[in-house]
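I opened a new notebook page for charged side chains. My plan was to look up each pair in turn.

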Amino acid sequence: MTKRVHQPREDAEFDFILRMSEVPVLAYFTGTWPKAIEPCRAMDLVVGGIADEYTGRLTAVRADITRCPDATKRYGITGAPSYVLLKEGETVAHGTGPSTISEVRKILDNL
């Protein structure tokens, strides 16, 4: 996992990262139950690559569903991996399941 991906330990830290970001935020939600582990690992690679490529233009956040239950509920996350793209605090895109770097890049380039 790249160091450019924030990993909050709780909702308060998640919210702090969002408030402090001056650029769009790609927040993706992961789980630790058996069926979620492999898809979440795949998404780790995607978001890590995106975070490296979009340094300075994007804040990437990896939130564990069990550690950030309020954020999970707020953004309507029902499975892992899922993601939301936030611009100025508003959701501009969301998705569920592992995505490819090119899929995420296409969303980001249309901001």
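Is R9 buried or exposed? I found R9 exposed, at 58% relative accessibility. I used these cut-offs: buried is under 20% relative accessible area, exposed is over 50%, and partly exposed is in between (1.4 Å probe, protein chains only).

I noted that this is a predicted model, where local features need pLDDT of at least 70, side-chain atom pairs count only at pLDDT 80 or more, and totals for chains, interfaces and linings use all residues. Residues are numbered from 1 along each chain as its sequence is written, and side-chain values use heavy atoms, with hydrogens and water left out.

Next I looked up the partner of R9. R9 forms a salt bridge with E13, with the closest N and O atoms 3.6 Å apart. The term means a side-chain nitrogen of Lys or Arg within 4 Å of a carboxyl oxygen of Asp or Glu. E13 is partly exposed, at 23%.

I then checked the total: the structure holds six salt bridges. One of them joins R4 and D52, at 3.5 Å from N to O. R4 sits in the segment before β1 (5-6) and D52 in helix α2 (residues 34-53), so this pair ties together parts 48 residues apart in sequence. Helices (H or I, at least four residues) and strands (E, at least two) are DSSP runs, numbered from the N terminus. I read R4 as partly exposed at 43%, and D52 as partly exposed at 40%.

My last entry is D15 with R74, a salt bridge of 3.0 Å, N to O. D15 lies in helix α1 (residues 11-20) and R74 in helix α3 (residues 69-74), 59 residues apart. D15 is partly exposed at 22%. R74 is partly exposed at 43%.
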